[in-house]
Amino acid sequence: MPRFLTMIRVDEKNAPAEGPSPELQERMGKLLEEITKAGVMLETAGLTPSSEGTRVTWSGGRLSVTDGPFTESKEVIGGYSITQCKDKAEAVEWTRRFLRTHEEHWNITAEVREIAEG
């Protein structure tokens, strides 16, 4: 069965300073338990803020290293998951359910991509 990487992009400037509400954490926990019991979830995690990140870029034959925050980025990757699903439609449906756990004030984009094997 194919594996999929889902990258969760968030707008750090408009995310709630206090982070996810207890209700959101509870809804998310229930969904993660369900997807794990279904044998779909292989790995998931949130990421530290971009202010703690570093970008390494190769351009024009030169390397550059830039410490965060990355002010030119509207959205940054705030988390990810790796799932094993029967097809992309199933991976997208789990992602839709994950996004729906969030309150309306969250602005989140999820990118779902199949992991190339071999």
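Predicted model: local features only at pLDDT ≥ 70, side-chain atom pairs only at ≥ 80, totals over all residues.
1. Four strands form an open sheet in the order β2-β5-β1-β6, and their pairing is antiparallel. As a reminder, strands of a sheet pair through backbone hydrogen bonds, in either a parallel or an antiparallel way.

2. Now look at the edges of this sheet. β2 (41-46) and β6 (108-114) each have a single partner strand, so one side of each is left without a neighbour in the sheet. From one strand to the next, the twist averages 15°.

3. Which strand pairs with β6, and over how many bridges? The partner is β1 (residues 3-10), and the two run in the antiparallel sense with 7 bridges between them. To find your place in the structure, look for M7, which stands opposite E111 in β6. Helix α2 (residues 88-100) packs on the sheet and touches β1, β5 (76-84) and β6. The direction of α2 makes about 160° with that of β6.

4. Next comes the largest pocket, which holds about 740 Å³ of space. It is lined by 34 residues, and the closest to its centre are I8, G46, G78, G79 and F98.

5. Where does the lining come from? The elements that each give two or more residues to it are β1, α1 (22-37), β2, β5 and α2. β5 gives the most, with 7 residues.

6. What classes of residue make up this lining? There are 20 nonpolar, 13 polar and 1 charged residues around the largest pocket.

Definitions and conventions
Residues numbered from 1 in each chain as written. Heavy atoms only, no water. Pairing = 2+ DSSP bridges. Axes fitted to C-alpha atoms, helices over the stretch in contact; angles between N-to-C directions. Contact = heavy atoms within 4.5 Å. 1 Å grid on protein atoms, 1.4 Å probe; cavity = no way out; pocket = protein on both sides within 12 Å on 5 of 7 lines; lining within 4 Å. Points joined across faces, edges and corners; volume = space filled by probe spheres on them. Nonpolar A, V, L, I, M, F, W, Y, C, P; charged D, E, K, R; others polar.
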